[in-house]
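Notebook open, viewer loaded. I want to jot down a few things while I click through this one.

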Amino acid sequence: MNIFVPFMMPRPVYQSLVNLRQNQQKAFAVLVDPDKVNVPDIQKLAGLCNDSAVDYLFMGGSLMISQHLDKCIKHFKSNSDIPVILFPGSPSQVSRYADALFYLSLISGRNPELLIGAHVVSAPMVKASGLEVISTGYLVIDGGAPTTVSYMSNSAPIPHDKNDIALCTAMAGEMQGKHVLYLDAGSGAKNPISESMIQKVSENTDLPLIVGGGIREAEKAYLNCKAGADVIVVGNAIEKDLSLIKEISSAVHQCSIQV
Ligand code: 1GP
């Protein structure tokens, strides 16, 4: 008799996100766009992330003009134990040197390519990479001006004040079996996502909730955590001022303590 015992792959990064939610802890992720960083600068960045207790490094961008994704990740990992998660803007942004990959489905949009098409094309490459894959319901929210993601996705973002649409979209993603939710106003967004929208989504879904786009100040990061975000992502503002890494990280972790 053949008894099939399913082999569950360990999923340490996903488990760490679930633990955050369960334990009401908050995490801070620094987003690095490989097109905007020089490989030699990564050592300094890694040092700052280590010293500031950054929880995750997200790596990716809407475009990929440079060809040094692998190098960036390898260099970061040789200077830090912080998990690197790919946040890909296109199917080509897969690197086996990362720890995990957000397998993003743009559930706020109506572009079939970004709901399933790109996934079909990239599936064999992703599978062969051996990466931990985190199925992600990705919601783009209007950040007050067109962002690269809103333009490139060829799909309208959810209006910033339509909390009910964001909630129903998030609920649909959860019931479809996504593992995490990512609310994004887009990199460099003029207006970050409102706390009322974050609260509505967080209170009515159980998935780890990642929030980013246009966050420039520690106070906003803190308020987003209080509203129910589990992970705060900052990229653009840090590119302009590296000292924000420590400031925002400590605000995010402060919220963990006070919850
Ligand atoms: C964008 O959520 C990220 O996809 C981060 O946005 O670059 O504006 O911080 P910023």
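I started with glutamine 24, which counts as partly exposed because its relative accessibility is 47%. My scale: buried is under 20% relative accessible area, exposed is over 50%, and partly exposed is in between, with a 1.4 Å probe and protein chains only. Before going on, a note on the source: this is a predicted model, where local features need pLDDT of at least 70, side-chain atom pairs count only at pLDDT 80 or more, and totals for chains, interfaces and linings use all residues. Residues are numbered from 1 along each chain as its sequence is written, and side-chain values use heavy atoms, with hydrogens and water left out.

Back to glutamine 24. I find it in the loop between α1 (12-23) and β1 (27-32); helices (H or I, at least four residues) and strands (E, at least two) are DSSP runs, numbered from the N terminus. Its phi is positive, about 55°, although glutamine 24 is not a glycine.

Next I looked up asparagine 154, another non-glycine with a positive phi, here about 50°. Asparagine 154 sits in the loop between α5 (148-152) and α6 (163-176). At 65% relative accessibility, asparagine 154 counts as exposed.

Then glutamine 199, in helix α7 (residues 195-204). I noted it as partly exposed, with a relative accessible area of 37%. What lies 5.4 Å from glutamine 199, C-alpha to C-alpha, yet 29 residues apart in sequence? I clicked across and landed on glycine 228.

On to the ligand. I list 13 residues around it, and Asp184, Ser187, Gly188, Gly214 and Asn236 come nearest; near here means a heavy atom within 4 Å. By class, I get four nonpolar, eight polar and one charged residue in the shell. In this scheme Ala, Val, Leu, Ile, Met, Phe, Trp, Tyr, Cys and Pro are nonpolar, Asp, Glu, Lys and Arg are charged, and the others, Gly among them, are polar.

I then checked distances to ligand oxygen atoms. A backbone N or O atom of glycine 188 lies 2.6 Å from one, and a polar side-chain atom of tyrosine 182 lies 3.0 Å from one. For glycine 213, a polar backbone atom is 3.2 Å from a ligand oxygen. I take a pair of N or O atoms within 3.5 Å as a polar contact. How much of the ligand's accessible area does the protein cover? I read 97% of the 310 Å² that the ligand has on its own, by the Shrake-Rupley method with a 1.4 Å probe.

Methods. Polar contact = N/O pair within 3.5 Å; in protein donor to acceptor, adjacent residues only side chain to side chain.
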